[in-house]
Amino acid sequence: ADASAELLEFAEKVHAPVCDSLMGKGAFPGTHALYAGMLGMHGTKYANLGVADCDLLITVGSRFSDRVFGNASKFAQHAKGLQIDVDPAEINKNIKTDACVIGDALEVLKRVNSKIGQLEHHEWVEHIKELKEKYPMRYRKDCLNGPYIMETINEITDSNAIIATDVGQHQMWAAQHYTYKQPRTLITSGGLGTMGFGLGAAIGAKVGRKDKVVINIAGDG
């Protein structure tokens, strides 16, 4: 929806931590103080604990795949749910919500942003910050491994490359250990999980963005 600027404004106005899905990487900048990592079975512990603890979960353009919610009966069970999505079929499909807005994310967020003032939730934001510090992403430092390689690529490219991936564990490392600051900088096959997707995606991304460094992270696909 090209709504990343409006999403950033909304999150800052609401003053709430933001987590993302695999397909939502870069819609909210991973360098922002309110960013709380990826949600779900391959996500960060602090993102999952935050959703488990929150009292209001606002979801923008996410379909609640089973990789995100796990056990539907226990997902965000203490929270009220507000779902914003352009597709009516996604509302209450996997997770029941208390309220919804059906519409284009750009248009919805523009209207919401024009109607709300600045909120402050310092105690809650600080709580998530403490969880981030307590439960960081960890991996072995005594041998060469995928997370280290991804973090090194992130450092070399200053988080400004377009990353394409195949499907598998390396795909999760690319999501977990690279920082995405802009939309459409992680090109990956979600949902269908198409093996061997990365090479064609990387070629297409480079054709479309000749100004960008494009890296394909390939695994057994």
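Two bridges link β6 to β7, and these strands run parallel. Strands here are DSSP runs of E of at least two residues and helices are runs of H or I of at least four, numbered from the N terminus; two strands pair if DSSP finds at least two bridges between them. This is a predicted model, in which local features need pLDDT of at least 70 and side-chain atom pairs count only at pLDDT 80 or more, while totals for chains, interfaces and linings use all residues. Residues are numbered from 1 along each chain as its sequence is written, and side-chain values use heavy atoms, with hydrogens and water left out.

Across from alanine 164 stands isoleucine 187 in β7. The open sheet has three strands in the order β7-β6-β8, with parallel pairing. Its edge strands are β7 (186–187) and β8, each pairing on one side only.

Buried means under 20% relative accessible area, exposed over 50%, and partly exposed in between, with a 1.4 Å probe and protein chains only. Covering is by contact, that is, heavy atoms within 4.5 Å.

| Helix | Buried residues | Cover includes |
|---|---|---|
| α2 (residues 45–53) | Tyr46, Ala47, Gly50, Val51 | β1 (18–20), β2 (35–38), β3 (56–60), α5 (122–134) |
| α7 (residues 169–177) | His170, Gln171, Met172, Ala174, Ala175, His177 | β2, α6 (146–157), β6 (162–165), β8 (214–217) |

In α2 the buried residues Tyr46, Ala47, Gly50 and Val51 fall within an arc of 135° seen down the helix axis, so they line one face of the helix. The arc is taken from the directions from the axis to the C-beta atoms.

Alanine 174 lies in helix α7 and is buried, with a relative accessible area of 0%. Leaving out residues up to four places away in sequence, alanine 174 touches Met150, Ile163, Thr165 and Tyr180. Isoleucine 217 is 43 residues from alanine 174 in sequence, and their C-alpha atoms are 7.5 Å apart.

The second largest pocket has a volume of about 370 Å³. A pocket is an open set of points on a 1 Å grid over the protein atoms alone where a 1.4 Å probe fits, with protein on both sides within 12 Å along at least five of seven lines; lining residues have an atom within 4 Å of a point. Of its 22 lining residues, Tyr35, Tyr46, Gln176, Tyr178 and Thr179 are the closest to the centre. At least two lining residues come from each of β2, α6 and α7. The lining divides into seven nonpolar, 11 polar and four charged residues.

Technical notes:
Grid points are joined across faces, edges and corners, and a volume is the space filled by probe spheres set on the points. Ala, Val, Leu, Ile, Met, Phe, Trp, Tyr, Cys and Pro count as nonpolar, Asp, Glu, Lys and Arg as charged, and the others, Gly among them, as polar.
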